[in-house]
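Here is a short briefing on one protein model. It covers packing, surface and backbone.

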Amino acid sequence: MFSPNLFESPHMFEMTHKTFESELMGKIRDDDYETKSGTETMDAPSGDDQDPNQRTKTKRYHRHTQRQIQEMEAFFKECPHPDDKQRKELSRELGLEPLQVKFWFQNKRTQMKAQHERHENAILNAENEKLRAENNRYKEALSNATCPNCGGPAALGEMSFDEQHLRIENSRLKEEIDRISGAAAKYVGKPLTSFPHLSTHLHSRSLNLGASNFGTQSGFVGDMYGGSDLLRSVSGPTEADKPMIVELAVAAMEELIRMAHSGLPLWVPGENSTDVLNEDEYLRTFPRGIGPKPLGLRSEASRESAVVIMNHVNLVEILMDVNQWSSVFCGIVSRAMTLEVLSTGVAGNYNGALQVMTAEFQVPSPLVPTRENYFVRYCKQHTDGTWAVVDVSLDNLRPSPMSKCRRRPSGCLIQELPNGYSKVTWVEHVEVDDRTAHNMYRPLINSGLAFGAKRWVATLDRQCERLASSMASNIPAGDLCVITSPEGRKSMLKLAERMVTSFCTGVGASTAHAWTTLSATGSDDVKVMTRKSMDDPGRPPGIVLSAATSFWIPVPPKRVFDFLRDENSRSEWDILSNGGLVQEMAHIANGRDPGNCVSLLRVNSANSSQSNMLILQESCSDVTGSYVIYAPVDIISMNVVLSGGDPDYVALLPSGFAILPDGPGLNGGGILEIGSGGSLLTVAFQILVDSVPTAKLSLGSVATVSSLIKCTVERIRAAVMCDNA
């Protein structure tokens, strides 16, 4: 906006403009004089023939012919500045002196310059008139301005331009604050029944994962199981709680930023190349927080950074969409749900978004209790372009204040990097009572590898690689087993992802599961549960019996993973293959590690009834854990999938293995290293029991699955130990 006195003296502008015109016309007259002098020839004696007494010079003017002018005009268009050689050549062709040619070109350039300046002068005149009219409009508007406080006339004539600019900017910021407050108020006070409408809104903004279809309704990937549903019993916040939730989220964001960027003395180097929190320094730095640590809980904090192959926009969408978040981290998040959205963000993205959530975090073993949290998630974009997503517990708002796990400010910072990469810094800080965990898993839990930042970052890095591989289009066709069809790759990966999600959500100790222990022989206890599958196109109808057990084996996880994923060694442990030859029919790579892939296997058994048996298998591994998950599939259904058909109607009952390190071990150089010790192996099977009511499930079926899983464990122990020796 222009100041009212910026053009207060238009006569001054006109005088300056007329002075400019006078100088320009004077320059043009000088140029005209130069033009005349440049076309004259002096017919006077030169050298020794000149009479010293002759005092006058005779000047004769020669006009150029039309042909000469046309030739020089044409040459001028091509070359306005001819050199000596060009001038001599042109003078010879036109019958002129080289000096005449030189002066003509010089005068022509001056003439063109004058024309250009006259044109610019006309433009300036028009611009001046436009500015004068605009200045008059501003003067008139300012003269009619009123004071917003008293309603009287505003003395704007004495206000500086900078002050006016600041007032306008202040007004704009107030409008933006009102708009954000309105967006937040739009969702405040809505009951939980309004969530389906909200989920539609979130789905429209969700990341299109191409080959991904991870989640289920509301992130509750454990919905198919029975048992107590503690997370669903938690209600959303009351109206009186919401101001405190917003204040707590803002404070948690500030704490997360400081913890992500701080070094010593807040963070000290720990085992596994992971930073460990100095608790005394933390209490001095952040005295407020969510209150003192309750009795019986221990602190667990870690920090990890990595560069992942995904842009920051998609990462933020994964973290803020409960379906995508619980699915990408299905090995860690067994169940999750958004109870209420206090703000959806501004400007069409998640900047400023606030969500009240519940989640259950797990280790893939029935021997490790899950960690339940009721928390608020806050997303913010900072001035340097970095995005941050933070969680903090709301346990004091729960009906029962007694909690076995509190989530202090935890989350991640996402920094944009070139070429679609992002740098992620993850902070995980909880207070937990995990005394009921099995002693076999205590070293893993106490080291921070079970629930810490390293596991979150490693899982995210592996899933980003998986997504990048699934979207690859330049697949070489040299290997006969490689699926090069984009539609076939997408359908097969989508089916494999559903298989992995189903396995991960059914193998842990979630409170939604009703596990029953069959034996009491220590760590090899077999735990079973049943569930009823009806009207689900993704699962066969009937009663499904699930069984799982965990045990320790003194072999590094990498060696166990390579043994279990290799189709050539499958006959050594897979009882159902009946010793038949297993052949890989197709595979899709899922990352840099050659062990990360989806495979379609054929079992060539001597039994003719199983000659057409196919097995869909996904194997994946990172520094914190590995999985080998498989399910028998129908050959007709897989032909449909490989041709790009819908994989959602292929019935799956996944079984498989979860392989974790038993804690940080010593490598050959005496340095603590993940995966250099033994392995914690969880084996899980699912079997369909047809036409048997849940209450009358035969003991024979339970005994069969128990024997099957124990026999598999013994075979794996024998084969791996023999190979290790």
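The points below are grouped by topic.

This is a predicted model. Its largest nonpolar core has 47 residues. A second, separate core has 34 residues.

**Nonpolar cores**
- Beyond its neighbours within four places in sequence, F329 is in contact with L319, W426, W456, T459 and L460.

**Surface patch**
- V307, I309 and Y421 make a nonpolar surface patch of about 230 Å².
- Y421 is found in the loop between β11 (410-416) and β12 (422-432).
- Y421 counts as partly exposed because its relative accessibility is 35%, and partly exposed lies between the buried limit of 20% and the exposed limit of 50%.

**Backbone features**
- N419 is also found in the loop between β11 and β12.
- N419 has a positive phi of about 65 degrees, although it is not a glycine.
- N419 has 74% relative accessibility, so it counts as exposed; the cut-off for exposed is over 50%.
- L264 and P265 are joined by a cis peptide bond, with omega about 0 degrees.
- P265 lies in the loop between α7 (242-261) and β3 (267-269).

Definitions and conventions. Residues are numbered from 1 along each chain as its sequence is written. This is a predicted model: local features need pLDDT of at least 70, side-chain atom pairs count only at pLDDT 80 or more; totals for chains, interfaces and linings use all residues. Side-chain values use heavy atoms; hydrogens and water are left out. A nonpolar core is a set of buried Ala, Val, Leu, Ile, Met, Phe, Trp, Tyr and Cys residues joined through side-chain atoms within 4.5 Å. Buried means under 20% relative accessible area, exposed over 50%, partly exposed in between (1.4 Å probe, protein chains only). Contact means heavy atoms within 4.5 Å. Patches are made of residues with over 30% relative accessible area and no salt bridge: like charges are joined within 9 Å, nonpolar side chains (Val, Leu, Ile, Met, Phe, Trp, Tyr) within 5 Å. Accessible areas come from the Shrake-Rupley method with a 1.4 Å probe; for residues, only the protein chains shown count as cover. A salt bridge is a side-chain nitrogen of Lys or Arg within 4 Å of a carboxyl oxygen of Asp or Glu. Helices (H or I, at least four residues) and strands (E, at least two) are DSSP runs, numbered from the N terminus.
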